[in-house]
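Please read the points below with the sequence and the model open side by side.

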Amino acid sequence: MQPTKAARLLAAGAALTALALLSACGGAQHNESEALGSKAPPVQPQVKKQQVDVLPGMPPVQDPTDIYAADRPGRLSPAVRDFPSRVYVPNTNSDTVSVIDPETYRVIETIPVGRQPQHVVPSWDLKTLWVNNDLGNSLTPIDPKTGRAGRPVDVHDPYNLYFTPDGKYAIVMASMDRRLVFRDAHTMEVVKSVPVSCYGVNHADFSIDGRYFIVSCEFSGEVLKVDTARMEVVAQEKLPLDGAMPQDVKISPDGKLFYIADMAANGMWILNGDTFAKPEFLSTGKGAHGLYISRDSREMYISNRGEGTISLFDFAQNRLTKKWHLPGGGSPDMGGVSADGKVLWLSGRYNSEVYAIDTRTGTELARIRVGSGPHGLAVYPQPGRYSLGHTGIFR
């Protein structure tokens, strides 16, 4: 039997009355909560971070807005937590590595290595430090747990050393040979040798997805773009300054720009690696050489070797904010930041010394005598999941 029109009207009225009572009760509870100061915060929609399509085999990018997110103070990998904290300094003219205890600021050991060691490079898996004996045509492995040097490995013209983000290959920057030599990351056997038409392949850094890397060519004032998987140079350009001498390369935390120090231009080039268009230039100081990221990813330290200063570049403000002067001058070159982010360590290339600098104030904490021609020193261990090489580029 269908209900009558009157019955339907009565039912609708009852429903409206009940709804009004419920609304009134809810309003009373809401007002009471506000009066007690316990209003619940509104539910915020969860924004999922966009994933980066990385080179196959490469660890995922933790934070697409900050590729250095794994490098925060104290975030040491389990692989390195038992390693003693040390500063390893290759002395190019003395053919040695000075080992500094950062707690005492003293050299505690001097390790003989091959001829003209240029850089001390952490391996991709963080377990080995490789000393690049450039004119000795060898790599000397150092066990960072014991500090002992192993048997040198024959590698021709190893001016600098990097590792592909997937951990498969070591990339030897064979500066005089004018080659990028891809080798097995563990055995150092040659996989592919890539000739280049520029002079002085030198330093590098990888794109956020690891699919390409940018290389500086010191002696011809050029930069290369190299496809990581294909192991091929895909682009090349001359820097827009006669006599340019590009040095260290670092990518911005958001992965959008590459910064390239230039010791002849006295500043750094700012390059969009994706488009590889003409870079912009920012003057920093005489002999700009090394580039190092702060532990909070907010700043970059730029060593100006020709004037004994360190410039600070603020990523958010996109400008230089400070300049620290070493007392009495010096020749700050290559180095790294301590694991806790409090000390910037730099070699004094032409002064046979190493500088320890407070990253909060720019105060020189120590000036330590080492061998002749100190160059690419490594602070170790440092936070990070894996190493891309050089004196420590960690992701």
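1. How many bridges join strand β13 (residues 212-217) to strand β14 (residues 222-227)? This is a predicted model, and in it the two strands β13 and β14 run antiparallel and are joined by six bridges. Within this pair, Ser216 has Val223 of β14 standing opposite.

2. As background, strands of a sheet pair through backbone hydrogen bonds, and they may do so in parallel or antiparallel fashion.

3. A separate place to look is Ala170, which is found in strand β9 (residues 169-174). Is Ala170 buried or exposed? Its relative accessible area is 0%, and Ala170 is therefore buried, since the term applies under 20%. Leaving aside residues up to four places away in sequence, Ala170 touches Leu161, Tyr162 and Phe163, then Val181, Phe182, Arg183, Asp184 and Ala185, and also Met188. For Ala185, which lies 15 residues from Ala170 along the chain, the C-alpha atoms of the two residues are separated by 4.6 Å.

4. A search of the whole structure finds two cavities of 30 Å³ or more, and the largest cavity holds about 180 Å³ of space. It is lined by 15 residues, of which Asp71, Ile293, Arg295, Gln382 and Gly392 are the closest to its centre. By class, the lining of the largest cavity divides into six nonpolar, six polar and three charged residues.

5. What is the volume of the second largest cavity? The second largest cavity has a volume of about 80 Å³, and of the 13 residues that line it, Val61, Gln62, Ile67, Arg385 and Arg395 are the closest to its centre. The lining of the second largest cavity is made up of eight nonpolar, one polar and four charged residues.

Note on methods:
Residues numbered from 1 in each chain as written. Predicted model: local features only at pLDDT ≥ 70, side-chain atom pairs only at ≥ 80, totals over all residues. Heavy atoms only, no water. 1 Å grid on protein atoms, 1.4 Å probe; cavity = no way out; pocket = protein on both sides within 12 Å on 5 of 7 lines; lining within 4 Å. Points joined across faces, edges and corners; volume = space filled by probe spheres on them. Nonpolar A, V, L, I, M, F, W, Y, C, P; charged D, E, K, R; others polar. Helix = DSSP H or I, 4+ residues; strand = E, 2+ residues; numbered from the N terminus. Buried < 20%, exposed > 50% of the residue type's maximum accessible area, 1.4 Å probe, protein only. Contact = heavy atoms within 4.5 Å. Pairing = 2+ DSSP bridges.
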